[in-house]
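Here is a model to read closely.

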Amino acid sequence: MNLPFRSGIGFDVHAFGPGDHVVIGGVKIPHEYGLVAHSDGDVLIHALCDALLGALALGDIGRHFPPGDPRWAGVDSRELLRAVAALIHARGWQVGNVDAVVICERPKLLLHIGTMRERLAADLGVDAGAVSVKATTSETLGFTGRGEGIAAQAVVLLARADGCADSAGG
Ligand SMILES: Nc1ccn([C@@H]2O[C@H](COP(=O)(O)O)[C@@H](O)[C@H]2O)c(=O)n1
Ligand SMILES: C[C@@]1(CO)OP(=O)(O)OP(=O)(O)OC[C@H]1O
(Lines give C-alpha, C1' and ligand atoms only; values in the text may rest on other atoms or scores of the structure.)
(Ligands and ions follow the chains in the order given, each with its own letter.)
Protein backbone atom coordinates (compact mmCIF):
# COMPACT_ATOMS: atom_id res chain seq x y z
CA MET A 1 0.00 0.00 0.00
CA ASN A 2 1.31 3.47 -0.87
CA LEU A 3 0.87 5.92 2.00
CA PRO A 4 1.32 9.73 1.92
CA PHE A 5 4.11 9.45 4.53
CA ARG A 6 7.57 7.92 4.50
CA SER A 7 10.15 7.68 7.31
CA GLY A 8 13.92 7.47 7.03
CA ILE A 9 16.89 6.88 9.33
CA GLY A 10 20.53 7.92 8.96
CA PHE A 11 23.75 7.36 10.87
CA ASP A 12 27.30 8.65 10.31
CA VAL A 13 30.66 8.77 12.08
CA HIS A 14 33.80 10.81 11.46
CA ALA A 15 37.09 10.41 13.32
CA PHE A 16 38.97 13.30 14.84
CA GLY A 17 42.21 14.30 13.10
CA PRO A 18 44.42 17.32 12.69
CA GLY A 19 42.63 20.67 12.57
CA ASP A 20 41.30 23.53 14.62
CA HIS A 21 37.53 23.29 14.09
CA VAL A 22 34.66 20.96 13.28
CA VAL A 23 31.59 21.70 11.17
CA ILE A 24 28.38 20.27 12.56
CA GLY A 25 24.90 21.10 11.33
CA GLY A 26 26.39 23.75 9.06
CA VAL A 27 28.04 25.55 12.00
CA LYS A 28 31.82 25.96 12.28
CA ILE A 29 32.88 25.28 15.87
CA PRO A 30 36.44 25.91 17.11
CA HIS A 31 38.02 22.72 18.50
CA GLU A 32 41.50 21.35 19.08
CA TYR A 33 40.90 18.69 16.38
CA GLY A 34 39.21 18.57 13.00
CA LEU A 35 37.21 15.70 11.50
CA VAL A 36 38.76 13.39 8.90
CA ALA A 37 36.60 13.41 5.76
CA HIS A 38 36.51 13.88 2.00
CA SER A 39 34.04 16.74 2.49
CA ASP A 40 33.90 19.24 5.37
CA GLY A 41 33.06 16.23 7.60
CA ASP A 42 29.65 17.49 8.73
CA VAL A 43 28.58 14.27 10.40
CA LEU A 44 25.11 15.59 11.28
CA ILE A 45 24.29 16.65 7.73
CA HIS A 46 25.57 13.33 6.39
CA ALA A 47 23.27 11.40 8.73
CA LEU A 48 20.39 13.70 7.73
CA CYS A 49 21.05 13.19 4.00
CA ASP A 50 21.00 9.42 4.52
CA ALA A 51 17.69 9.67 6.39
CA LEU A 52 16.14 11.75 3.59
CA LEU A 53 17.42 9.43 0.86
CA GLY A 54 16.43 6.35 2.85
CA ALA A 55 12.86 7.58 3.23
CA LEU A 56 12.41 7.31 -0.55
CA ALA A 57 14.71 4.29 -0.98
CA LEU A 58 17.11 6.41 -3.02
CA GLY A 59 20.29 4.84 -1.68
CA ASP A 60 22.76 6.71 0.48
CA ILE A 61 24.94 9.80 0.42
CA GLY A 62 27.98 7.93 -0.87
CA ARG A 63 26.00 6.75 -3.91
CA HIS A 64 25.03 10.30 -4.83
CA PHE A 65 28.32 12.01 -3.86
CA PRO A 66 31.06 9.33 -4.07
CA PRO A 67 33.98 9.86 -1.65
CA GLY A 68 36.42 9.27 -4.54
CA ASP A 69 34.95 12.09 -6.65
CA PRO A 70 37.12 15.25 -6.60
CA ARG A 71 33.98 17.39 -7.02
CA TRP A 72 33.14 16.71 -3.37
CA ALA A 73 36.62 17.30 -1.93
CA GLY A 74 36.21 19.80 0.90
CA VAL A 75 32.62 20.51 -0.12
CA ASP A 76 30.32 22.41 2.23
CA SER A 77 27.90 19.64 3.23
CA ARG A 78 25.03 22.14 3.14
CA GLU A 79 25.39 21.99 -0.65
CA LEU A 80 24.85 18.23 -0.48
CA LEU A 81 21.84 18.69 1.79
CA ARG A 82 20.26 21.20 -0.58
CA ALA A 83 20.82 18.81 -3.49
CA VAL A 84 19.17 15.97 -1.56
CA ALA A 85 16.26 18.26 -0.61
CA ALA A 86 15.83 19.13 -4.30
CA LEU A 87 15.62 15.41 -5.15
CA ILE A 88 12.92 14.94 -2.52
CA HIS A 89 10.93 17.97 -3.69
CA ALA A 90 11.23 16.96 -7.37
CA ARG A 91 9.54 13.66 -6.49
CA GLY A 92 6.59 15.46 -4.91
CA TRP A 93 7.55 15.05 -1.25
CA GLN A 94 8.19 17.59 1.50
CA VAL A 95 9.90 17.30 4.87
CA GLY A 96 7.45 16.91 7.74
CA ASN A 97 9.97 16.91 10.55
CA VAL A 98 13.52 15.95 11.46
CA ASP A 99 14.90 14.68 14.74
CA ALA A 100 18.62 14.20 15.20
CA VAL A 101 21.23 13.55 17.86
CA VAL A 102 24.98 14.23 17.80
CA ILE A 103 27.11 12.05 20.09
CA CYS A 104 30.43 13.37 21.41
CA GLU A 105 32.02 14.38 24.69
CA ARG A 106 33.42 17.53 23.18
CA PRO A 107 32.98 20.06 21.74
CA LYS A 108 29.93 21.08 23.72
CA LEU A 109 27.17 21.83 21.24
CA LEU A 110 24.34 23.28 23.29
CA LEU A 111 25.06 26.92 22.43
CA HIS A 112 25.20 26.12 18.69
CA ILE A 113 22.04 24.08 18.36
CA GLY A 114 19.73 27.01 17.59
CA THR A 115 21.92 28.08 14.66
CA MET A 116 22.15 24.49 13.41
CA ARG A 117 18.35 24.17 13.41
CA GLU A 118 17.93 27.44 11.52
CA ARG A 119 20.49 26.49 8.86
CA LEU A 120 19.22 22.95 8.36
CA ALA A 121 15.63 24.21 8.18
CA ALA A 122 16.57 26.83 5.58
CA ASP A 123 18.24 24.16 3.43
CA LEU A 124 15.21 21.88 3.73
CA GLY A 125 12.64 24.63 3.11
CA VAL A 126 10.84 24.17 6.45
CA ASP A 127 10.44 26.16 9.67
CA ALA A 128 13.08 25.66 12.36
CA GLY A 129 10.28 24.25 14.52
CA ALA A 130 10.26 21.19 12.27
CA VAL A 131 13.95 20.48 12.89
CA SER A 132 15.15 19.08 16.22
CA VAL A 133 18.84 18.68 17.01
CA LYS A 134 20.07 17.25 20.28
CA ALA A 135 23.49 16.49 21.74
CA THR A 136 24.60 13.82 24.14
CA THR A 137 27.80 12.36 25.47
CA SER A 138 28.24 8.60 25.68
CA GLU A 139 29.34 8.95 29.30
CA THR A 140 33.03 8.34 28.37
CA LEU A 141 32.19 4.91 26.87
CA GLY A 142 33.17 3.68 23.42
CA PHE A 143 34.93 5.60 20.62
CA THR A 144 32.90 8.75 21.18
CA GLY A 145 33.53 8.51 24.91
CA ARG A 146 37.27 8.19 24.34
CA GLY A 147 37.18 11.31 22.18
CA GLU A 148 38.16 9.48 18.99
CA GLY A 149 35.34 10.87 16.86
CA ILE A 150 31.78 12.12 16.56
CA ALA A 151 28.66 10.14 15.65
CA ALA A 152 25.24 11.40 14.55
CA GLN A 153 21.83 9.84 14.00
CA ALA A 154 18.82 11.36 12.24
CA VAL A 155 15.25 10.37 11.51
CA VAL A 156 12.91 12.14 9.13
CA LEU A 157 9.25 12.04 8.21
CA LEU A 158 8.35 12.97 4.64
CA ALA A 159 4.83 13.85 3.52
CA ARG A 160 3.42 14.01 0.02
CA ALA A 161 3.39 17.67 -0.97
CA ASP A 162 -0.13 17.24 -2.45
CA GLY A 163 -1.36 15.17 0.50
CA CYS A 164 -2.16 12.24 -1.80
CA ALA A 165 -0.72 8.75 -1.62
CA ASP A 166 1.79 7.96 -4.31
CA SER A 167 4.64 5.60 -5.01
CA ALA A 168 8.12 6.43 -3.74
CA GLY A 169 11.28 6.75 -5.79
CA GLY A 170 13.99 4.12 -5.38
N1 LIG B 1 28.77 17.32 23.04
C2 LIG B 1 27.75 17.62 23.88
C3 LIG B 1 27.17 16.66 24.70
C4 LIG B 1 26.15 17.04 25.53
N5 LIG B 1 25.71 18.30 25.54
C6 LIG B 1 24.64 18.73 26.47
O7 LIG B 1 24.85 18.20 27.76
C8 LIG B 1 23.68 17.50 28.19
C9 LIG B 1 24.05 16.34 29.06
O10 LIG B 1 24.73 15.34 28.30
P11 LIG B 1 24.67 13.84 28.80
O12 LIG B 1 25.41 13.04 27.79
O13 LIG B 1 25.34 13.84 30.14
O14 LIG B 1 23.24 13.46 28.88
C15 LIG B 1 22.96 17.09 26.93
O16 LIG B 1 21.58 16.93 27.14
C17 LIG B 1 23.25 18.28 26.03
O18 LIG B 1 22.33 19.31 26.30
C19 LIG B 1 26.29 19.24 24.73
O20 LIG B 1 25.90 20.41 24.71
N21 LIG B 1 27.30 18.87 23.89
C1 LIG C 1 30.16 13.29 2.13
C2 LIG C 1 31.04 12.39 1.29
C3 LIG C 1 31.34 13.15 -0.02
O4 LIG C 1 32.10 12.39 -0.91
O5 LIG C 1 32.32 12.11 1.84
P6 LIG C 1 32.86 12.20 3.39
O7 LIG C 1 33.05 13.62 3.79
O8 LIG C 1 34.08 11.35 3.54
O9 LIG C 1 31.69 11.63 4.29
P10 LIG C 1 31.18 10.13 4.45
O11 LIG C 1 29.99 10.19 5.33
O12 LIG C 1 32.29 9.25 4.94
O13 LIG C 1 30.82 9.67 2.97
C14 LIG C 1 29.80 10.29 2.21
C15 LIG C 1 30.33 11.04 0.99
O16 LIG C 1 29.22 11.26 0.16
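Two strands count as paired if DSSP finds at least two bridges between them. The model discussed here is predicted.

Q: What makes the five strands a sheet, and in which order do they stand?
A: They form an open sheet in the order S4-S1-S7-S5-S6, with mixed pairing.

Q: Why are S4 and S6 called edge strands?
A: Strand S4 (34–35) and strand S6 (131–136) each have a single partner strand, so one side of each is left without a neighbour in the sheet.

Q: How do you know that S5 and S6 pair?
A: Pairing needs at least two bridges. Six bridges join strand S5 (residues 93–103) to S6. The pair therefore qualifies. The two strands run parallel, and Val98 has Val131 in S6 as its bridge partner.

Q: Which helix lies across S5 and S6?
A: Helix H4 (residues 113–124) does, running at about 145° to S6.

Q: What makes S2 and S3 a pair, and in which sense do they run?
A: The cut-off is at least two bridges. Strand S2 (residues 21–24) and strand S3 (residues 27–30) have four, so they count as a pair. The sense is antiparallel. Val22 stands opposite Ile29 in S3. S2 and S3 form a hairpin with two residues between them, and Gly25 in the turn has a positive phi of about 60°.

Technical notes. Residues numbered from 1 in each chain as written. Chains lettered and ligands numbered in written order. Predicted model: local features only at pLDDT ≥ 70, side-chain atom pairs only at ≥ 80, totals over all residues. Contact = placed C-beta atoms within 7 Å. Axes fitted to C-alpha atoms, helices over the stretch in contact; angles between N-to-C directions.
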